[in-house]
Amino acid sequence: MQAPEGTKDYLPDEAGYWEQFKRIAADIFGRCGYVTIDTPLFEQTELFVRGIGEATDVVAKEMFQAISGENLKRLVAGEAIKSKSHLSLRPEGTAGVVRAVVQHDLVPQGAPPVKLMYAGPMFRAERPQKGRLRQFNQIGVECLGADAPSVDAEAIIMLMRFFEALGIPAAVTRLLMNSMGCDDCRPAYREQVRAYILGHASELCEECTRRAQTNPLRAFDCKNPACVAVMAEAPLISDHLCDACKGHHEQVESYLDAAGVPFVRAPRLVRGLDYYTRTVFEVQVTEGMGSQNAIGGGGRYDKLAEELGGRPTPGLGFALGFERCVLALQAAGFSFPAAQSLDLFLACVDASVRKEAFHLLQACRDSGLVADMDHQGRSLKSQFKLADKLDAPMVLILGPEEMDKGLVKLRHMGTHAEAAIALDGLYAVLGGLEYENSETLIESLLAKIFG
Ligand code: HAM
């Protein structure tokens, strides 16, 4: 059996790095006031249809339906199921988070904005390729209840700081910025794009011509070279923004300038989700990524809460893709840190000392050390090999002769220094170790023993 197409197993080194990745994000985003929220992995399909937009690829082509056994039976029997029973795996996190904000009234009238972050798997039935999975991990943030341009800039700066903290070289990242306008300026612009597409229908692919009816701005996202060439001459939103949207965008840009965050104006950036108003942005990696080079993206969605039945609540957020960040890091020479690393390995000269070693092992663990021993009766030589493989800086050696004298040996693997220490004394040292983190613990143990 193999994992389903477009999914992958996160083996311990990568799974361990995902945990570290989330910790780095929680640290940087937490300093900007973001707190964690967790919403279900599946929601009513209607939420995504209304939130993300019926005509987007994500909703029209890429959603995985989730059907309970009972409802599946009904469907197979040709019976209808209630619309509330139509469930889909979440293709992204924003719709669910905004649904939760509305449902639990997290931004009551006059309240300060709420800043939420989340991490977890998203599901899109896309054609799998490098950097494009059907189940992938995102970390996202959503700030609801504030429409100030400084909120947009704060989130973008925070995102760029995160990529920098991960180690993705700034020289290969590119921040693209655009504005999608608002309900005042976008409808007229959309009509212009529609008229432009219809005027060039013979040069465009079938899907783009169809998009003229449903969602003309999507044609900017078409990868077909003929469509790209035609859309390169299409009217640009930047020339059709109302004064309020223009002012908002200029302010976001000026905050970024002041923070020294470089960006590129991308007047054809439309993003694949329909909820955006005003600011949209995307971060791309320019080397080693192939066509799936967007490592994060987001924007403002001032109408989404209303669309989902809430009171008017402006919002802004972004999400970044874990697997794509890993690809970007690997292109820059990164390899995962080993998931397993030991502070101390206990080696037994023969089976007669195993019981004492097992007892000592528990005392080591209780003191805070990451410790292990062999459970398969390996030779002393292969126990040392194992200790080496696990990168243990210290090995405790228990042998029958030393044990008879109440002693054990401690070997420092880096310097090969060895000391015979009294077992009683070692138990006392372990019991009295002050635990801050495992590094200081090892240091203090070595200092106590080797002086
Ligand atoms: P998105 O651009 O669709 O935005 O996804 C964000 C990031 O998720 C992408 O930049 C990419 O790194 C990663 N990603 C997307 N699809 C895949 C895939 N099939 N395989 C691997 N990685 C993928 C959103 O999802 C919005 N909810 C962002 C947002 C939050 N906007 C406002 N708030």
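This is a predicted model: local features need pLDDT of at least 70, side-chain atom pairs count only at pLDDT 80 or more; totals for chains, interfaces and linings use all residues.
Residues are numbered from 1 along each chain as its sequence is written, and side-chain values use heavy atoms, with hydrogens and water left out.

**The eight-stranded sheet**

Helices (H or I, at least four residues) and strands (E, at least two) are DSSP runs numbered from the N terminus, and two strands are said to pair if DSSP finds at least two bridges between them. Eight strands form an open sheet with mixed pairing, in the order E1-E5-E6-E11-E10-E9-E7-E8. Strand E1 (35-36) and E8 stand at its edges, each with a single partner strand, so one side of each is left without a neighbour in the sheet.

Strand E5 (residues 114-123) pairs with strand E6 (residues 135-144) in the antiparallel sense over 10 bridges, and within this pairing Tyr118 stands opposite Gly140 in E6. Helix H6 (residues 149-166) packs on the sheet, where H6 touches E5, E6, E7, E9, E10 and strand E11 (315-321), its direction making about 15 degrees with that of E11; axes here are lines fitted to C-alpha atoms, for helices over the stretch in contact, and angles run from 0 to 180 degrees between N-to-C directions. Helix H12 (residues 322-331) also packs on the sheet, touching E6, E9, E10 and E11, with a direction at about 55 degrees to that of E11.

Strand E7 (residues 173-179) is mostly covered, six of its seven residues being buried, where buried means under 20% relative accessible area, exposed over 50%, and partly exposed in between (1.4 Å probe, protein chains only). E7 pairs with E9 in the antiparallel sense over seven bridges, whereas two bridges join E7 to strand E8 (residues 264-265) in a parallel arrangement, with Arg265 in E8 as the bridge partner of Met177. With neighbours within four places in sequence left aside, Asn293 is in contact (heavy atoms within 4.5 Å) with Arg174, Val283, Gln284 and Val285.

**Helix H2**

In helix H2 (residues 45-52), the buried residues are Thr45, Leu47, Phe48, Gly51 and Ile52. They cover an arc of only 160 degrees around the axis, which puts them on the same side of H2; the arc is that of the directions from the helix axis to the C-beta atoms. The buried residues of H2 pack against several elements, including strand E2 (42-44), helix H3 (57-60), strand E4 (87-89) and helix H5 (94-103). Just after H2, Gly53 takes a positive phi of about 110 degrees.

**The ligand surroundings**

The ligand is surrounded by 26 residues, of which the closest are Glu92, Thr94, Glu126, Glu142 and Tyr276; a residue is near a molecule if one of its heavy atoms lies within 4 Å of it.

| Residue | Atom of the residue | Distance to a ligand nitrogen atom |
|---|---|---|
| Thr94 | polar side-chain atom | 2.8 Å |
| Glu126 | N or O atom in the side chain | 2.7 Å |
| Gly317 | polar backbone atom | 3.5 Å |

**The five-stranded sheet**

An open sheet of five strands has mixed pairing and the order E13-E12-E14-E15-E16. Its edge strands are strand E13 (371-373) and strand E16 (418-422), each of which pairs on one side only, and the twist averages 25 degrees from one strand to the next. Helix H13 (residues 354-366) lies across strand E12 (344-348), E13 and strand E14 (394-398), running at about 165 degrees to E13.

Strand E15 (residues 407-412) and E16 run antiparallel and are joined by five bridges, with Val408 opposite Ile421 in E16. Helix H16 (residues 423-432) packs on the sheet and touches E14, E15 and E16, its direction making about 90 degrees with that of E16.

Thr415 is placed in the loop between E15 and E16, and Thr415 is exposed, with a relative accessible area of 52%. Its side chain makes a polar contact with the side chain of His412 (2.7 Å), a polar contact being a pair of N or O atoms within 3.5 Å, of which, within protein, one must be able to donate a hydrogen and the other to accept it, and residues adjacent in sequence count only if both atoms are side-chain atoms. The C-alpha atoms of Thr415 and Pro393 are separated by 9.5 Å, the two residues being 22 residues apart along the chain.
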